[in-house]
Amino acid sequence: MDVHAQYDVVVIGGGASGLAAALAAAREGAHVVILERDVACGLPILATGNGRCNLSAERLGPEHYRHPDIARAVMGEEPERTLEAFFASVGILTMAEEGRLYPYSKRAESVRDALLAACEREGVEFRRGCDVVASWRDDAAGAWALTLREPVSPLRAKRGRDAKATLRAERRALEGAARREAKISARTVVLAPGGRSEGLCELFGVPHLPERPVLCPVAGSFDASPHALERLDGLRAEARLSLVREGDTVWQEEGEVLFRPYGISGIVSFDASRRVRAGDKLALDVFPAYEERELAAHLAARETVLGSLDAASSPWFDGLLARPLAELVLAQARENDGGHPSVSAIAHAAKRLVFTVEGTAEERQAQVRRGGIPFDAVDSATLACAEPHLSGVYACGEALDMDADCGGFNLAWAWTSGLVAGSAAAREATRQ
Ligand SMILES: Cc1cc2nc3c(=O)[nH]c(=O)nc-3n(C[C@H](O)[C@H](O)[C@H](O)COP(=O)(O)OP(=O)(O)OC[C@H]3O[C@@H](n4cnc5c(N)ncnc54)[C@H](O)[C@@H]3O)c2cc1C
């Protein structure tokens, strides 16, 4: 075997989970390399939390995860402490905002830079612009041999006006770069390619479930007024969403809803997108802070100031609800009771605007992808692939079939699963 470089652990993918895995492996004393397809490691981190990187949550309840039992098994009983220690070990101080954790700098690039610097201190090597094109297990050597295609020389690109322009120039340089084949070997391999893992799984023969985007807007329409969304477009409202299936409320969450012509967006709608199916009903309560009877009493008191609600139109609601939303509430009340709605009918309608789900929307905006490597193919204590032909292969992050609510839960999974897979891969690789 013509091998140019030998490592203990090779990590494929240098995003959040791959960087955590590489650090954990290096800290176990392993010689580690990250193979990253893009021009640099850590780029996906830059887009997180609107550039602020919501890197975890104050409380990482397993109920926020697609597979709560597996999340608990992998992340441990006190993942908050594990992550606090991890962030401290790379120099990241966190601050909390409404239960979400951010870096004190409030800048995603400072998270990325702290991780890259920590990797460098630990002696992790990086091979960027690098694709794995073949892999095979050399049982006699107890190692994996990989064929890579990578740029012949370091990429050269002009600095752009800003970081985004420079990145575009570097990606163009990578597209046009002359490439060579290189062969490397490693005792263990950690797969960390994120939510598009199908190609890499195929290359290694790792089982793979079909992927689909989640954490994106929900498409559908309001039953009482199918064209209401056209008028509501761009409006934001605080609301409680309840997912009702076969008459039962199976999930509820409160937050800001952004109305769009095709449906609803905003964090609470993104969380709903992980649970909805076509045909489900979402009930929107646009007065979540009020009990229905309190709201009815408020509306009755308002009648004494503004005149009777009888035959009222949307201007009667000025100062309380934006007009397009008031029109929707009136339409819902008429649909429920017919005729001129009473204050109690309005209160009831405003707390239960019925929205029929068609599916998910704007999937290119989706924050994560469901699917990937199934958990019955990995050992949850180490994240090692279970099948004998995959001896020495581990997986972490979004490549596994795990997704979670917005609020730092997905990055928390990426870091903790990376730490688990990286340490276990290093222990196996450095075992005498
Ligand atoms: C816009 C946006 C905002 C988000 N905001 C948040 C947030 O604030 N909080 C939160 O918890 N989560 C957030 N997420 C989700 C979070 O980014 C992911 O859960 C997390 O990045 C997953 O980490 P990962 O390491 O598994 O994958 P990624 O971070 O996607 O990293 C995968 C890496 O592998 C590389 N790669 C892929 N295939 C190969 C290959 N074959 N060979 C070599 N390299 C490869 C990719 O180039 C990439 O660098 C957000 C997602 C998006 C899209």
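Before you start: residues are numbered from 1 along each chain as its sequence is written, and side-chain values use heavy atoms, with hydrogens and water left out. Since this is a prediction, local features need pLDDT of at least 70 and side-chain atom pairs count only at pLDDT 80 or more, while totals for chains, interfaces and linings use all residues.

**Exercise 1. Trace the barrel**

Work out which strands make up the closed barrel, and in which order.

Step 1. Helices (H or I, at least four residues) and strands (E, at least two) are DSSP runs, numbered from the N terminus. Two strands pair if DSSP finds at least two bridges between them.

Step 2. Ignoring direction, neighbouring strands here are turned by 45 degrees against each other on average. Angles like this run from 0 to 180 degrees between N-to-C directions, with axes fitted as lines to C-alpha atoms, for helices over the stretch in contact.

Step 3. Check some of the pairs.
- β11 (residues 218–222) and β14 (residues 263–265) are joined by two bridges; V218 has I264 as its bridge partner in β14.
- β12 and β13 share 10 bridges, and S242 sits opposite Q252 of β13. In their hairpin, which also has two residues between the strands, E246 takes a positive phi near 50 degrees.

Step 4. α11 (residues 323–337) lies across β11, β12 (236–245), β13 (248–260) and β16 (353–360), at about 105 degrees to β16. Contact means heavy atoms within 4.5 Å.

**Exercise 2. Describe the ligand's surroundings**

Find out which residues are closest to the ligand, and which backbone atoms approach its oxygen atoms.

Step 1. Count the shell. 29 residues surround the ligand, and the closest are S17, E36, G49, E398 and L411. A residue is in if one of its heavy atoms lies within 4 Å.

Step 2. Sort the shell by type: 14 nonpolar, 12 polar and three charged. Here Ala, Val, Leu, Ile, Met, Phe, Trp, Tyr, Cys and Pro count as nonpolar, Asp, Glu, Lys and Arg as charged, and the others, Gly among them, as polar.

Step 3. Ask where they come from. α1 (16–27), β2 (32–36) and α13 (409–430) each supply at least two residues, with α13 giving the most, four.

Step 4. Look at the distances. A polar backbone atom of L411 is 2.7 Å from a ligand oxygen atom, and one of G49 is 2.8 Å from a ligand oxygen atom. For N410, a backbone N or O atom lies 3.4 Å from a ligand oxygen atom.

How values were computed:
Polar contact = N/O pair within 3.5 Å; in protein donor to acceptor, adjacent residues only side chain to side chain.
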